[in-house]
Amino acid sequence: MTFDQARVKLEESRPMTAHPSRWRRLRPGDWAVRLGAIALILGVWEFFGPTLNKLILRPPSDIFRAFFELVANGELAEAMSQSFRELFGGLAVALVVGLVLGIASGRWRFVYNAIDPLVSALYSVPAVALIPLLPVAFHSIGDPPRIAAVALFAVFPILINTQQGVRNVDRQLLEVARSFNTSERRLWTDVIIPSATPYLLAGVRLAIGRGLIGMIVAEFFIGLVGLGYLIISYENVFRIDRMFVPVIVVATVGVLMMGFVQWLEGRIAPWLKKEQ
Amino acid sequence: MNAQQTRISVERATKRFSAGGLTVFDGLDLAVRDKEALCILGPSGCGKTTLLRTMHGLIPLDGGRILIDDAVVSAPRRNVAMVFQHFGLMPWKRVRENVAYGLELAGLPKATTDERVERYIEMVGLRGFERSYPSQLSGGMQQRAGLARALALEPDILLMDEPFGSLDALTREILQDELLRIYQLMPRTMVFITHSIEEAIAMGDRILVLSARPARVRELLQVDIPRPRTVDSVIAHPRFLPLRDHCWRLLREPAA
Ligand SMILES: Nc1ncnc2c1ncn2[C@@H]1O[C@H](COP(=O)(O)OP(=O)(O)O)[C@@H](O)[C@H]1O
Ligand SMILES: [Mg+2]
């Protein structure tokens, strides 16, 4: 029913395992500091950047103008629809694979032993090194290998965090459940899944960041499309103002998506934010 | 059932934990009578929790057997409910859902579940906190919920593992009085574990004093203090001090 103590030690120090976050509401003062810091950096960059290196440190106002140029000529919208197809496809695959394998390996020793060597090996290899293999594996330089690249980058934090969440279920609560004659199905819905949810969501937040990296790298290596293409092509012609537009779009998307997951956590795990 | 009938019978029970070859108890015998409150008093670490877990069928024995109503215990039964020292509430369930937990698992009709949840929340004094999460409650309030969850099942047998052991002295006394009041309303077979002599005298009809590990029965005492009781009435009773001194000596002196 439960795991023996020896097993618990193994995974404790994986660097990728994030602790489930506690829902922290930002106060107005926090926002003032955050916005102030951003404004300060942009101001310094605007006025002193060009004096350091006119070619590379283009002022934010130029980037702002470039943004509207790329919106107006449709390049940005086209690149974004391409890139988001890969991103959401890859994250969906990572979520399904990571959840299924994470739950199974967290719960059953057999599955854990079966997949752990592979997970450890794949996690140790820099994922970038595997990307050139993907077009070969998929006989394609289209979306499938790029979606696979995003999934490859994103799957491990979800898998490992879910596994930890399932494994770290409070043994005392497992015993309480048995004491009240739980069924196996109710054990999952009452105890294991709620207890693993914060870990899973912490994994998803990490996966979003890594998925975005995977997306850009895959676009560099496989077919040269989407936001990755915009970065490379404008960098090659030294249109650094335009090159920064997709970079900032990627950063903004990352921040928004992680904020969304944080909000989601408050909705589906309300007991965490009620903690005092 | 007549008052002397045995509900739980522990016969030559032996429990070892393989880790470190630890023998928790070896050949332990005891009997719990119908509708009595039996307190099991023993020093920390002597194996009280382990004994209760075997009585509930949560962990197996290594020798001997435990019978409830003449049937060997091998798994938890629906007519036995446990209250835990660590409260054992699900942090993601509100008070209402925690109290309903056992009833839902027992598959009772929703109307019955709702009615009982409301009644027992009222009985333990948690009215108004139905929608709170456990983390929003004090320890005493959390254990009220733990108590309501067990009582709501209307079990024949209540197993209490130091239910008030982690509460501060004041809260502990308030809850002891509450439990005495509830017990008066609904007398039932209760095994109440504690390491507090005062608590054992206040709650128990009989007290089983255990030695340090491996746990042996030092003595079985009759608490001849009439019910209804309150903690104050027990302490004021002339039998209280002699009983307390006697328990003290049993716990302090090594077995002959
Ligand atoms: N699952 C377990 N595995 C190994 N040893 C245990 C386990 N549970 C309890 N013990 C040991 O058995 C002894 C009795 O524990 P316990 O029944 O919890 O004592 P008490 O409830 O009287 O304080 C202690 O020495 C404890 O360390
Ligand atoms: Mg104990």
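Two strands are said to pair if DSSP finds at least two bridges between them. Helices (H or I, at least four residues) and strands (E, at least two) are DSSP runs, numbered from the N terminus. Before I apply these terms, a word on the source. This is a predicted model, in which local features need pLDDT of at least 70 and side-chain atom pairs count only at pLDDT 80 or more, while totals for chains, interfaces and linings use all residues. Residues are numbered from 1 along each chain as its sequence is written, chains are lettered from A and ligands numbered from 1 in the order in which they are written, and side-chain values use heavy atoms, with hydrogens and water left out.

I begin with a sheet in chain B. Six strands form an open sheet with mixed pairing, in the order β6-β7-β8-β3-β9-β10.

Contact here means heavy atoms within 4.5 Å.

Let me turn to another sheet of chain B. This open sheet has four strands in the order β2-β1-β4-β5, with antiparallel pairing. Its edge strands are β2 (22–33) and β5 (71–72) of chain B, each of which pairs on one side only. Strands β1(B) and β4(B) run antiparallel and are joined by five bridges; B:Ile8 stands opposite B:Ile68 in β4(B). Strand β4 (residues 63–68) of chain B also pairs with β5(B), again antiparallel, over two bridges, and there B:Ile68 stands opposite B:Ala71. Helix α1 (residues 48–55) of chain B lies across β1 (6–17), β2 and β4 of chain B, at about 60° to β2(B).

What is found in the hairpin of β4(B) and β5(B)? Two residues lie between the strands, and B:Asp69 takes a positive phi near 50°. The side chain of B:Asp69 also meets that of B:Arg7 in a salt bridge (2.6 Å, N to O). B:Asp69 is in the loop between β4 and β5 of chain B and B:Arg7 in strand β1 of chain B, so the pair ties together parts that are 62 residues apart in sequence. A salt bridge is defined as a side-chain nitrogen of Lys or Arg within 4 Å of a carboxyl oxygen of Asp or Glu.

Some backbone features deserve attention. Most residues other than glycine have a negative phi, and most peptide bonds are trans. A cis peptide bond joins B:Arg213 and B:Pro214, with omega about -10°; B:Pro214 is in the loop between β9 and β10 of chain B. Another cis peptide bond joins B:Arg227 and B:Pro228, with omega about 0°, and B:Pro228 lies in the loop between β10 and α7 (231–236) of chain B.

Finally, I come to the interface. How many residues does each chain give to the contact? Chain A gives 21 residues and chain B gives 25 residues. About 2,300 Å² is buried between the chains, with 59% from carbon and sulfur atoms. Buried area is the accessible area (1.4 Å probe) that two parts lose on being put together, summed over both. In chain A, the residues that lose the most area to chain B are A:Phe180, A:Asn181 and A:Trp271, together 29% of what that side buries. The rule finds three salt bridges across the interface; one of them links B:Lys93 with A:Asp190, whose closest N and O atoms are 3.0 Å apart.

Definitions and conventions: Axes are lines fitted to C-alpha atoms, for helices over the stretch in contact, and angles run from 0 to 180 degrees between N-to-C directions.
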